[in-house]
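Here is my note on the two-chain model you sent. Please read it with the structure open.

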Amino acid sequence: MDLPDIRIVIQWKATCDLCTLWQRFGRAARGAGQEATAILFVEKKDTDEERALKAVRAAERLAKRNEAVTGQKRKAGNQLTSGASKRPTLGESTNHDDGTSCSTSSSHEKVATELREQRRAHYKKRPVAKMTTAKEKKRVHVEVGSPMDDFINAAIDHDDLIDCRRIVPMLFFENDKRRKSYLL
Amino acid sequence: MENLWKKTSVTKRLLNFIFDEGHCISQWGAFRKEYQHLGSLRYLIPEHVPFYVPSATLPPMVLRDIAEVLHLRPDLTEYIMRSNDRPEIRLVVRTLTFTAKSFQDLAFLIPDNFEEGDPPPDKFLIFFDDRKEAERACKYLRARLPPNLRDKIRWFHSVITDKTRQDNVEAMRTGEIWGFCCTDSFGMVISCNDLKFTSNLP
């Protein structure tokens, strides 16, 4: 069942996996020559920024507690490295006006290629997400390192100006390994 | 059910077995216990009847899972793989700026102070993994419209009848409905009029 002219598809919160997200986004622009926008709205808790903040806050609380116990003054939070800062940047890309295709800038090409292959291997190994009951589903966080997590958090270039979210689904579905056409 | 596949009168009329939206065999494996038993079909029906497993979303791990569940014969399996990239769809990720409960991040779909006679907004689908949430979001969006236009936005989930589903889909096709707040059941409308022999697995 196809509706041809859906221009906006929205996923409300990251409560599904990347397969399901792709099925849903795929409902857009089914008519020939059409374009559409697909938007995933994520809660703060599932962003790297919030995770990093949370880690800093936790460290501060811990430091305060220690202060109270020992009576010493310490500065906390500075040496902390958040999980987010260790994330590989997959979206190392050159700028495309239409934002539809991704290519790698030559200086980072080798590093980026290695990182991408690491992620690809990682996605292949992951066990298939099993459907959980509605109750279980409600309060789950996006798993760090999952394809969905990468789609949300890892596809952005360092300067945050270039956005190439296509890289994660490309690796996950191995679209770069597919033939352009298939003659039967 | 098993007896059905042993009847030659049935099996000789089988051309092929199609598991449409094949990714469900894997993803719903834990949910629909019956899918785990699909594999025995391979031994019940004549060997020359092929299985087809079409889907737009079969990453390697899912494909492996399906091959196992269906007992696909490695030497007799042909993989026809195409890219599922949709370059015509812009991909956007946005962090919620308001509370999720308020649904205010969806306000952009219906311009402020919308009046009758204004050009209709772009057709939209909003997916939720919770029926109640879909309904609440729908009510929020409806409240942004003048009362006589509020039925332009509907919710769509498994607790509505097949008839209503078909009607809803038709109404969106004609532009009478502008948008749905839906769950995955949005896709589950069967629209074949000329099937001669079908078997719907429970």
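1. On one side of H3(A), Lys110(A), Thr113(A), Glu114(A), Glu117(A), Ala121(A) and Lys125(A) are exposed. The buried residues of H3(A) are Ala112(A), Arg119(A) and Tyr123(A). They sit on the same side of H3(A) because they cover an arc of only 40° around the axis. The arc is taken over the directions from the helix axis to the C-beta atoms. An α-helix has 3.6 residues a turn, so residues three or four places apart point the same way.

2. Length and cover of that helix. H3(A) spans residues 109–125, 17 residues in total. From first C-alpha to last it reaches 25 Å, close to the 24 Å expected at 1.5 Å a residue. The expected span is 1.5 Å times one less than the number of residues. Helix H5 (147–153) and helix H6 (167–173) of chain A are among the elements that cover the buried residues of H3(A).

3. Ground rules. This is a predicted model, in which local features need pLDDT of at least 70 and side-chain atom pairs count only at pLDDT 80 or more, while totals for chains, interfaces and linings use all residues. Residues are numbered from 1 along each chain as its sequence is written, and chains are lettered from A and ligands numbered from 1 in the order in which they are written.

4. The two chains. Chain A has 6 helices and 2 strands, in the order β-α-β-α-α-α-α-α. Chain B has 7 helices and 6 strands, in the order α-α-β-α-α-β-α-β-β-α-β-α-β. Helices (H or I, at least four residues) and strands (E, at least two) are DSSP runs, numbered from the N terminus. Of the 184 residues in chain A, 32% are buried. For the 202 residues in chain B, the figure is 25%.

5. Contacts along the sequence. Two residues are in contact if their C-beta atoms, placed from the backbone, lie within 7 Å. In chain A, 64% of the contacts with a separation of 6 or more join residues 24 or more positions apart. In chain B, 73% of the contacts between residues at least 6 apart join residues at least 24 apart.

6. The interface. How many residues of chain B are in contact with chain A? There are 49, and they touch 54 residues of chain A. S3(B) gives the most to this side of chain B, with 7 residues. The chain B side divides into 27 nonpolar, 10 polar and 12 charged residues. Here Ala, Val, Leu, Ile, Met, Phe, Trp, Tyr, Cys and Pro count as nonpolar, Asp, Glu, Lys and Arg as charged, and the others, Gly among them, as polar.

7. Strand S1 (residues 8–12) of chain A runs parallel to S4(B), joined by 4 bridges. Pairing requires at least two DSSP bridges between two strands. Ile8(A) stands opposite Phe124(B). Phe124(B) also stands opposite Gly179(B) in S6(B). S4(B) and S6(B) run parallel, with 4 bridges. S6(B) pairs in the parallel sense with strand S5 (residues 153–156) of chain B, again over 4 bridges. There, Phe156(B) has Cys182(B) as its bridge partner.

8. A buried strand. Gly179(B) and Cys181(B) point one way from S6(B), and Phe180(B) and Cys182(B) the other way. All are buried.

9. The core. The largest nonpolar core has 68 residues. Such a core is a set of buried Ala, Val, Leu, Ile, Met, Phe, Trp, Tyr and Cys residues joined through C-beta atoms within 7 Å. Val9(A), Leu125(B) and Cys182(B) are among the members that touch the most others. Beyond its neighbours within four places in sequence, Leu125(B) has contacts that include Ile6(A), Val9(A), Phe180(B) and Phe186(B).

10. Backbone points to check. Glu174(A), in the segment after H6 of chain A, has a positive phi, near 55°. His71(B), in the loop between H5 and S3 of chain B, also has phi near 55°. Most residues other than glycine have a negative phi. Glu174(A) counts as partly exposed because it has 19 C-beta neighbours inside 10 Å. His71(B) is partly exposed too, with 13.

Definitions and conventions. A residue is buried if 20 or more other C-beta atoms lie within 10 Å of its own, exposed if 12 or fewer, and partly exposed in between; C-beta atoms are placed from the backbone.
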